[in-house]
Amino acid sequence: MIVGNGHPVFSGIAMGRVYVYKSGQATLPTSCGDPAEEKKNFEAAKLVALEQLQALVDQTAATLGEEQAMILDVQMMMLDDLDYLDSIDAMIQNGASAAEAVKETGDTFAATFAAMEDAYMQARAVDVRDVSGRVVTILCGGKVGFSMEEPGILIAEDLTPSETVQIPKDKILAFVTRQGSSNSHTAILARIMGIPSLVKAHIDIDSELDGRMMIVDGFEGRYFIDPDAEVIRLMEEKKNTADEYQRQLETYRGKESITKQGRKVKLFANIGNPSDVEHALKGDAEGIGLMRSEFLYLGRNDFPSEDELFNAYRQVVEGLQGRRVVIRTLDIGADKQADYFHLDKEENPALGLRGIRICIRRPQVFRTQMRAIYRASALGPVSVMFPMIASVWEVRKVWEMCQQIREEMIQEGLDIGDVEHGIMIETPAAALMAEQLAKEVDFFSVGTNDLTQYTLAVDRQNPSLDGFYDPYHPALLRLLREVAESAHKAGIWCGICGELAADLTMTDTFLDMGYDELSVSPTRVLSLRKKVCESEVYPK
Ligand code: PEP
Ligand code: MG
């Protein structure tokens, strides 16, 4: 039995088989010394890649339509491109292994495409890198993407946000990553899905773990591989106790979120994708307080069209059956990168071109998204909020863009609902300017994840800084109180949608500060309602 630990990001007990996921290939095999043999390996890997792509094309055409499937057609064509094949061949003849030759050729071709003037050709850089990565992975005997057949426990070095969107969510029993932090997006995803997970786990993912039995204890931050009978018994007991607590929480389903003294608060849920609405409803959320819409832009090769976005929002609005959804406009940049945006490499991405800054710089991207949101607003209650606001001028600029888009849509005869426009308060500047900003918008939603990062100058992604990342810091609490006061002075509502909203030790403080809404992972709504119903806080 192997016993190890990690930092728990969601409690619970998971038992299942290990599935090791490795993104990219760390070290490529060197040549066996015979170019003819390497060439044969390449040809065989190419055939497997073509078969995999053909299966994906068929599946994509059936689920997402021909247009999406064409993207993969392009990748299949690349595998028959003569220049591409000549380059691989020449490298193999010069002593490279098949994997090295494909990797090198893929990188060179990608760089050439990326440097082209034409936007369409630039976007092909991602395709060539993707298809080359597929062949390299096959040559290295690894898996491509997530090929889980049975539900299992996913172990990885780390998962990028674009990898998380490709995960077969119904197959994951738990996440265990060697990197990551309690505020990383893998951790956030684990909380949305309600599965026990560990980050910063001490685990050797290179040892032969695939398929072995594993238990993850998300209460204590421990894991067991090949657990013995005694551990299995103890863990099953623990799981039964947790299930019993869950049953008690069920008595709060459908209840009003109101303190003993009559103070009401809205308990909403955070989601990333339309399919998460199911989790939100299961968790008994009263609405969606944060839809991280950038996930619709990740894990793909090109911008989503207005219709694709509209369909995603429509799914959410219709799924919520009259409950409100607060859609945050895309917060790409920093840790959430999509290659086809072609953003320059930055020294400090968290302080770089991200969130609303991208939308201001790229009005066309913003326009497509806002049109889709406005169209969805005709179908049910929709609010929209803008991330990473730091200044009043940004809000005014965005509002001016929104008005233009609305006017153009009205001229086209399109229906638009009564949309609330709000902002996220997640920079210290926005918190300090809350009084002025409150006069410009319909609501505030505080993003404590980033507000903590920027107020304390502590990188939320850096696992070794977890001890310094202190969301209870008095500076932060002072800002939170002032933001709520400023919102109410201007007669607008304010909520919290960062991870801190779910912290039960803070619930009374937030109610006392006057917060009107708390938006948390779907799985946290019922425990938060229990806490609110047991609270003694009076109405403001
Ligand atoms: C936040 O910063 O608190 C927030 C809710 O946004 P994200 O975690 O997506 O940056
Ligand atoms: Mg944020």
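Which strands does helix H12 (residues 363-377) lie across? In this predicted model, helix H12 lies across strand E11 (324-328), strand E12 (382-386) and strand E13 (420-425), and runs at about 155 degrees to E12. Helices (H or I, at least four residues) and strands (E, at least two) are DSSP runs, numbered from the N terminus. Axes are lines fitted to C-alpha atoms, for helices over the stretch in contact, and angles run from 0 to 180 degrees between N-to-C directions; contact means heavy atoms within 4.5 Å.

Residues are numbered from 1 along each chain as its sequence is written, and chains are lettered from A and ligands numbered from 1 in the order in which they are written. Local features need pLDDT of at least 70, side-chain atom pairs count only at pLDDT 80 or more, and totals for chains, interfaces and linings use all residues, while side-chain values use heavy atoms, with hydrogens and water left out.

Strands E11, E12 and E13 belong to a closed barrel of eight strands, ordered E9-E10-E11-E12-E13-E14-E15-E16, in which the pairing is parallel. On average, neighbouring strands of this sheet are turned by 25 degrees against each other, direction ignored. Two strands are taken to pair if DSSP finds at least two bridges between them. Strand E15 (residues 493-496) is joined to strand E16 (residues 517-520) by two bridges in the parallel sense, and Ile496 has Leu518 of E16 as its bridge partner.

A further eight strands form an open sheet of mixed pairing, in the order E1-E8-E7-E3-E4-E5-E6-E2. Its edge strands, each pairing on one side only, are strand E1 (2-5) and strand E2 (7-10). From one strand to the next, the twist averages 30 degrees. Strand E5 (residues 172-177) and strand E6 (residues 197-199) run parallel and are joined by two bridges; Leu198 in E6 is the bridge partner of Val176. Helix H7 (residues 185-193) lies across E2, E5 and E6, at about 160 degrees to E5. Helix H8 (residues 229-249) also packs on the sheet, where it touches strand E3 (13-21), strand E7 (213-217) and strand E8 (222-225). The direction of H8 makes about 115 degrees with that of E3.

Ligand 1 has 14 residues around it, of which Arg292, Arg328, Gly447, Asn449 and Arg460 come nearest; a residue counts as near if one of its heavy atoms lies within 4 Å. A polar side-chain atom of Arg328 lies 2.8 Å from an oxygen atom of the ligand, and a polar side-chain atom of Arg460 lies 2.8 Å from a ligand oxygen atom. For Gly447, a backbone N or O atom lies 3.3 Å from an oxygen atom of ligand 1. Strand E10 (287-292) and helix H16 (448-456) each supply at least two residues of the shell, and H16 gives the most, with three.

Methods: A polar contact is a pair of N or O atoms within 3.5 Å; within protein, one must be able to donate a hydrogen and the other to accept it, and residues adjacent in sequence count only if both atoms are side-chain atoms.
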